[in-house]
Amino acid sequence: VVVPHRGVVNQLTRMQCQFGLSSGDRVLHKTPFGFDASVPELFWPLLQGATVVMARAGGHRDPQYLTGLIAREKVTVAQFVPSVLDVLVQSPGAAECTSLRAVICGGEALSPALRDRFGAVLGDVPLHNLYGPTEAAIAVTGWACDAARDGAVVPIGRPADNTRVFVLDEMLRPVPAGVAGELYVAGPQLARGYLGRAGLTAERFVACPFGEPGERMYRTGDLVRWSAQGVLEYLGRADD
């Protein structure tokens with residue numbers, strides 16, 4: 001996937017506006033460099049003068065090691081896929097991660113049960129659910145989890161700065177709130193396409209009927225719906 005520099009810059013700028021890193025923050029870097037989630041773990045804190053706490057090679061597979069590292073190095077911000085977070089909050093050292101001020105989740109669907117287990121162990125530490133494909137520079141929507149308002153599904157939230165999202169039917173028509181449709185994404189975070197795969201690029205990056213001439217949008221293949229509160233809820237894959 002060929003991602004433009006401006007897409008990464010927009011992503012890191014959006015994260016800074018939301019979470020406000022300072023020189024006193026310590027961000028955990030544990031994602032292998034072959035995954036897009038490694039980009040904010042490394043470049044976001046460096047851009048803000050914060051500290052990058054580097055996990056050992058393979059440490060991302062060891063929740064007990066990670067909880068010890070977070071507690072020992074006083075990590076303030078960390079991100080996890082839900083499956084890893086689930087194991088982490090059940091590990092003996094999870095309650096000692098009191099230095100955390102924000103935990104970011106993404107890459108998989110976040111269940112209400114995991115949100116509640118996280119809250120039971122880490123109390124008032126904010127948990128944020130981010131959504132986004134690699135084809136749109138990591139994350140394009142976000143939501144601050146709150147059991148009192150989330151409902152039966154943890155939302156993936158609202159679009160990030162400079163990003164537009166559309167929930168459309170098979171004819172590329174917007175669907176009303178509460179009705180499932182496919183999620184399309186437009187904005188500066190879109191990739192240029194798939195390297196050496198012009199056919200797949202044309203299939204997934206299509207003309208945007210809601211923008212300027214020549215503007216494209218990315219067809220995610222994910223089914224979502226708008227809630228009555230105006231936030232997106234993830235429902236699954238269109239091809240399942």
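This is a predicted model: local features need pLDDT of at least 70, side-chain atom pairs count only at pLDDT 80 or more; totals for chains, interfaces and linings use all residues.
The largest nonpolar core comprises 27 residues, and Leu28, Phe80, Leu85, Leu100, Val103, Phe118 and Leu127 have the most contacts inside it. At least two residues of this core come from each of helix H3 (63–73), strand E3 (77–80), helix H4 (82–89), strand E4 (102–105) and H5. H3 supplies the largest share, four residues. A second, separate core has 16 residues, among them Ala136, Ala191, Tyr194 and Tyr218.

The structure also contains four aromatic pairs. In one of them, Phe19 and Trp44 are tilted, with 5.8 Å centre to centre and 55° between the planes. This pair links distant parts of the chain, since Phe19 lies in helix H1 (residues 5–19) and Trp44 in helix H2 (residues 38–48). Both Phe19 and Trp44 are buried. The pair of Tyr194 and Phe205 is edge-to-face because the ring planes stand at 65°, with the centres 5.8 Å apart. Tyr194 is buried at a relative accessible area of 14%, and Phe205 is buried at 6%. Together with Tyr218, Tyr194 and Phe205 form one aromatic cluster.

Arg115 belongs to helix H5 (residues 112–122). Arg115 counts as buried because its relative accessibility is 9%. Its side chain makes a polar contact of 2.9 Å with that of Asp150. The charged end of Arg56, in turn, sits over the ring of Tyr65, 4.0 Å from the ring centre.

How values were computed:
Residues are numbered from 1 along each chain as its sequence is written. Side-chain values use heavy atoms; hydrogens and water are left out. Buried means under 20% relative accessible area, exposed over 50%, partly exposed in between (1.4 Å probe, protein chains only). A polar contact is a pair of N or O atoms within 3.5 Å; within protein, one must be able to donate a hydrogen and the other to accept it, and residues adjacent in sequence count only if both atoms are side-chain atoms. A nonpolar core is a set of buried Ala, Val, Leu, Ile, Met, Phe, Trp, Tyr and Cys residues joined through side-chain atoms within 4.5 Å. Rings of Phe, Tyr and Trp (its six-membered ring) pair if their centres lie within 6.5 Å; planes under 30 degrees apart count as stacked, over 60 as edge-to-face and the rest as tilted. A charge sits over a ring if NZ of Lys or CZ of Arg is within 6 Å of the ring centre and within 35 degrees of the ring normal.
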